[in-house]
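Work through the exercises below with the sequence and the 3D structure at hand. Each task is followed by a solution in steps.

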Amino acid sequence: MITNNWDTTLYEDKHAFVWKYGEDLLNLLSPQREESILDLGCGTGQLTAKIAETGAKVLGIDADAAMIAKAKANYLDPNLDLNFAVADARSFAFQTNFDAVFSNAALHWIPDADAVITCIYQALKPGGRFVAEFGGQGNVKSIIDALKGSLQEIDFDSQGLAVSSLWYFPSIGDYATRLEKQGFDVIYAVLLNRPTKLSDGDAGLQNWLLMFASRFLCMLSPEQQKQVIHTTEQRLRPSLYRDGVWSADYRRIRVVGIK
Ligand code: BEZ
């Protein structure tokens, strides 16, 4: 049975693309020695550790205790200035302020964007930068449409399952406006299509659904879950499966804001 808790082993084994693509975002962050950096929504800590390897002082936070436990087990190292803590992106606060807040593939999980933006702003030093990437408008649209169609086929009422209540995939206009309202200077914002190959061949889409669409699937019985996954695969095969590999129709928003 699928629940809404993170399976950190499945996450690390089958979803390495989450932080592999994030490495590109590190160039945009360009961490410097001795800078203090907050990694917001750090997951199991792969990118947090990479930032720390540059000589920066890094704190990784995530709302999920299992993710933080795994991050600590993976990466705590006396040679790095690196720490991890459980914290909620909508309400965190620390004694000292940061030179930069970095976030990869996390903010789409939190529909209450304004609360997050306020915390980020308050956590930065004046002149500090916010560098983030996450799902933008239209992200995984074909997967969501197929999933909703499959739920309808079993007469499951998905009307109440508004995507906007589960995830936050904003347009550039929406997100940049929120940042500016908070006081950020938005110096960079792009929306880019990034079709992303899923690992594990035939099982790629199923793994993705189990990991990332559990908020839909956890309301179903085990039999219904199986059927919905199967029907969703059939619906998406013509567009997202090629030469034995599944892809997800990712669309990313990337932003840099200065306090
Ligand atoms: C994403 O990384 O784009 C994503 C994550 C969870 C649900 C949907 C999309």
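**Exercise 1.** How are H5 and H8 oriented to each other: roughly parallel, roughly antiparallel, roughly perpendicular or oblique?

*Solution.* The model is predicted, so local features need pLDDT of at least 70 and side-chain atom pairs count only at pLDDT 80 or more, while totals for chains, interfaces and linings use all residues. Residues are numbered from 1 along each chain as its sequence is written, and side-chain values use heavy atoms, with hydrogens and water left out.

Step 1. Find helix H5 at residues 113-123 and helix H8 at residues 172-182. Helices are DSSP runs (H or I, at least four residues), numbered from the N terminus.

Step 2. Take the angle, about 45°, with the axes 10 Å apart. Axes are lines fitted to C-alpha atoms over the stretch in contact, and angles run from 0 to 180 degrees between N-to-C directions.

Step 3. Apply the cut-offs: under 35 degrees is roughly parallel, over 145 roughly antiparallel, 65 to 115 roughly perpendicular, and the rest oblique. H5 and H8 are therefore oblique to each other.

**Exercise 2.** Which residues of H5 and H8 meet?

Step 1. On H5, list Ala-113, Asp-114, Ile-117, Thr-118 and Tyr-121; on H8, list Tyr-175, Arg-178, Leu-179 and Gln-182.

Step 2. Sort them by class: five are nonpolar, two polar and two charged. Here Ala, Val, Leu, Ile, Met, Phe, Trp, Tyr, Cys and Pro count as nonpolar, Asp, Glu, Lys and Arg as charged, and the others, Gly among them, as polar.

**Exercise 3.** At what angle do the axes of H6 and H11 cross?

*Solution.* Step 1. Locate helix H6 (residues 141-153) and helix H11 (residues 222-240).

Step 1. Their axes come within 8 Å and cross at roughly 140°. That makes H6 oblique to H11.

Step 2. The residues in the contact of H6 with H11 comprise seven nonpolar, five polar and two charged. Among them are Ile-143 and Leu-147 in H6, and Val-228 and Arg-235 in H11.

**Exercise 4.** What is the angle between H9 and H11?

*Solution.* Step 1. Helix H9 spans residues 204-212.

Step 1. H9 packs against H11 at about 125°, and their axes lie 10 Å apart. That makes H9 oblique to H11.

Step 2. In the contact of H9 with H11, five residues are nonpolar, two polar and one charged. Leu-205, Gln-206, Leu-209 and Leu-210 in H9 meet Ile-229, Thr-232, Glu-233 and Leu-236 in H11.

How values were computed: Helices (H or I, at least four residues) and strands (E, at least two) are DSSP runs, numbered from the N terminus. Contact means heavy atoms within 4.5 Å.
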